[in-house]
Amino acid sequence: MKSITTYQIGFAAIAIGITILFRYLLTFFLNQQQYALTWILATLYFVSMFSTGWYFGKKANQSLPIASLTFRFHFY
């Protein structure tokens with residue numbers, strides 16, 4: 001049994017990239033006192049993380065149906 005799949009690696013890589021970009025832009029907008037843009041950025045971050053998890057979780061479930069696989073995505 002594999003302990004980590006390619007879909008989990010892809011999810012982790014994209015999640016790290018999205019999170020780093022979110023953190024950088026959040027700091028920039030807060031320093032510029034653009035509070036309306038922080039709400040838009042937070043919404044975009046939520047949507048992008050949700051869709052990334054949805055996509056990779058669905059693909060991983062189709063190729064390797066394991067009951068504990070969803071916990072691994074949450075763990076990463």
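**Ring pairs up close**

Reply: Let's start with Phe-28, which counts as partly exposed because its relative accessibility is 40% (buried means under 20% relative accessible area, exposed over 50%, and partly exposed in between, using a 1.4 Å probe and protein chains only). Phe-29 has a relative accessible area of 16%, so this one is buried.

Before going on, keep in mind that this is a predicted model, where local features need pLDDT of at least 70, side-chain atom pairs count only at pLDDT 80 or more, and totals for chains, interfaces and linings use all residues. Residues are numbered from 1 along each chain as its sequence is written, and side-chain values use heavy atoms, with hydrogens and water left out.

Now for the pairing rule: rings of Phe, Tyr and Trp (its six-membered ring) pair if their centres lie within 6.5 Å; planes under 30 degrees apart are stacked, over 60 edge-to-face, and the rest tilted. That rule gives 5 aromatic pairs. One of them joins Phe-28 and Phe-29: their centres sit 5.8 Å apart with 55 degrees between the planes, a tilted pair.

Tyr-55 and Phe-56 pair up too, with centres 5.2 Å apart; their planes are at 80 degrees, so this pair is edge-to-face. Tyr-55 is partly exposed because its relative accessibility is 45%, whereas Phe-56 comes in at 12% relative accessible area, so Phe-56 is buried.

Finally, there's a cluster: Phe-46, Phe-50 and Trp-54 are linked by ring pairs.
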